[in-house]
Amino acid sequence: MSKKILITGGAGFIGSHVVRLFLNKYPEYQIVNLDKLTYAGNLENLKDVEKSPNYSFVKGDIVDASFINKLFAEQRFDGIIHLAAESHVDRSITNPLAFVETNVIGTLNLLNAAKEQWKGNMDGKLFYHISTDEVYGSLGEEGFFLETTAYDPRSPYSASKASSDHFVRAYHHTYGLPTVVSNCSNNYGPNQFPEKLIPLCIHNIKNGKPLPIYGDGKYTRDWLWVKDHAAAIELIYHKGLIGETYNIGGHNEWKNIDLVHLLCDQTDKALGRPQGTSRALITFVKDRPGHDKRYAIDATKIKKELGFEPSITFEQGLSETIDWYLINTDWLDNITSGAYAEYYAQQYKNR
Ligand code: NAD
Ligand code: DAU
């Protein structure tokens, strides 16, 4: 059966892996990638699949309601996988409004367009909203986030994602829109913009620059290989139950400082440098305001109901990630040559 699926944010980190997976696995589907190509969107991420006959790219802004309505009037989508977002916590602290615009208003525009397009017959349709574990707030030393954990967002980024999650569920309950939501932990892997911890450190190690660790470095995250997240998204798109929420995680908690130690050692090995070279670059800097202490996902539901489990160990995934960044020097150089330098100088100047 042919299906037309709109993937938003497909030129970004996770979105590009989702687009590739769907294009390769479902040649009978039409995949439309809608992306504004912000600083985080990069069509280079999809170079290897951009000529696929079942792929098309549309440049556009989900905040622009008339553009979105026109797109939906021209193309009839069976499904929407919504990843487009402003995604970096530090940027949300500097400019919260941009996060409200894209993450909240942009999501509402898509919900309204889907509701209008599918009115009268919602059979076989799905609006799949990709969200984050950050909506649940911060954990102490013990415990895990369940699908039933009360929302407690604490950064402008997580508040905007929480708001969009609430709107998606409200459209399901109020208008019967067929929706599903997943909340995932920290992703890592190829194509991640080097503002996030892992690619930022690899980039700095390569260039012999300090590795900025916020606060005491004891903050904990649960890391998942990005291709495993894409696999979970594909599974939920096809097998997830309408109206449900699925938490996705890696069973893989690391304190930032321990993670950066491992990253330093693996990168030294990959570069043939003496062990300890990169650890010497570690620099503790001023903390992120409102920094969430610990995230950890209880992924029992998706394992039991849909059979999802991460496919590789963190050591394997990290080693593949390091190799990818060391080989794809053009990708990294193109990204870090322009506005990134300004962002970096601004973000880290008083730390
Ligand atoms: P990213 O920042 O790498 O990519 C976001 C993409 O959205 C970019 O291609 C960008 O150009 C596009 N975009 C931004 N604003 C837009 C707009 N107004 N209109 C159209 N396109 C726009 O983000 P990511 O890390 O790939 O995250 C993707 C999604 O997954 C986000 O919704 C994020 O909240 C969620 N998520 C991310 C993680 C993670 O660890 N990165 C974990 C859980 C959930
Ligand atoms: O949990 C899922 C979330 O993970 C996603 O929803 C977000 O889109 C994604 O950006 C990520 O958020 P984090 O804030 O956890 O990721 P980040 O890579 O920015 O930071 C990871 C940890 O490392 C966090 O505790 C802050 C710390 N850190 C980060 C940077 C950029 C540092 O110590 N130094 C840094 O320079």
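Student: Which loop is the place of leucine 37?
Tutor: Helices (H or I, at least four residues) and strands (E, at least two) are DSSP runs numbered from the N terminus. On that numbering, leucine 37 sits in the loop between strand 2 (30-35) and strand 3.

Student: What value is phi of leucine 37 near?
Tutor: First, a caution: this is a predicted model, where local features need pLDDT of at least 70, side-chain atom pairs count only at pLDDT 80 or more, and totals for chains, interfaces and linings use all residues. Residues are numbered from 1 along each chain as its sequence is written, chains are lettered from A and ligands numbered from 1 in the order in which they are written, and side-chain values use heavy atoms, with hydrogens and water left out. Leucine 37 isn't a glycine, yet its phi is positive, near 55°.

Student: What is the relative accessible area of leucine 37?
Tutor: Buried means under 20% relative accessible area, exposed over 50%, and partly exposed in between (1.4 Å probe, protein chains only). Leucine 37 is partly exposed because its relative accessible area is 26%.

Student: Is asparagine 191 buried or exposed?
Tutor: Asparagine 191 is in the loop between strand 7 and helix 6 (197-206). Its phi is near 75°, another positive value in a residue other than glycine. With a relative accessible area of 8%, asparagine 191 counts as buried.

Student: What is the order of the open sheet of seven strands?
Tutor: Strands count as paired if DSSP finds at least two bridges between them. Here the pairing is parallel, and strand 3 (55-59) and strand 10 (245-248) are the edge strands, each pairing on one side only. Read across, the order is 3-2-1-4-5-6-10.

Student: By how many degrees are neighbouring strands of this sheet turned against each other on average?
Tutor: Axes are lines fitted to C-alpha atoms, for helices over the stretch in contact, and angles run from 0 to 180 degrees between N-to-C directions. For neighbouring strands of this sheet, with direction ignored, the average is 20°.

Student: What angle does helix 4 make with strand 5?
Tutor: Contact means heavy atoms within 4.5 Å. Helix 4 (residues 96-118) packs on the sheet and touches strand 1 (4-8), strand 4 (79-82) and strand 5. Its direction and that of strand 5 make an angle of about 165°.

Student: And which strands does helix 5 lie across?
Tutor: Helix 5 (residues 156-175) runs at about 155° to strand 5. It lies across strand 5, strand 6 and strand 10.

Student: In the three-strand open sheet, which are the edge strands?
Tutor: The order there is 7-9-11, with mixed pairing. Each edge strand pairs on one side only, and the two are strand 7 (186-188) and strand 11 (253-255).

Student: What is the bridge partner of tyrosine 188 in strand 9?
Tutor: Strand 7 pairs with strand 9 (residues 220-225) in the parallel sense, over three bridges. The partner of tyrosine 188 is tryptophan 225.

Student: How far is an N or O atom in the side chain of aspartate 133 from an oxygen atom of ligand 2?
Tutor: Ligand 2 has 23 residues around it, and Asp133 is one of the closest. For the side chain of aspartate 133, the distance is 2.5 Å.

Key. A residue is near a molecule or strand if one of its heavy atoms lies within 4 Å of it. A polar contact is a pair of N or O atoms within 3.5 Å; within protein, one must be able to donate a hydrogen and the other to accept it, and residues adjacent in sequence count only if both atoms are side-chain atoms.
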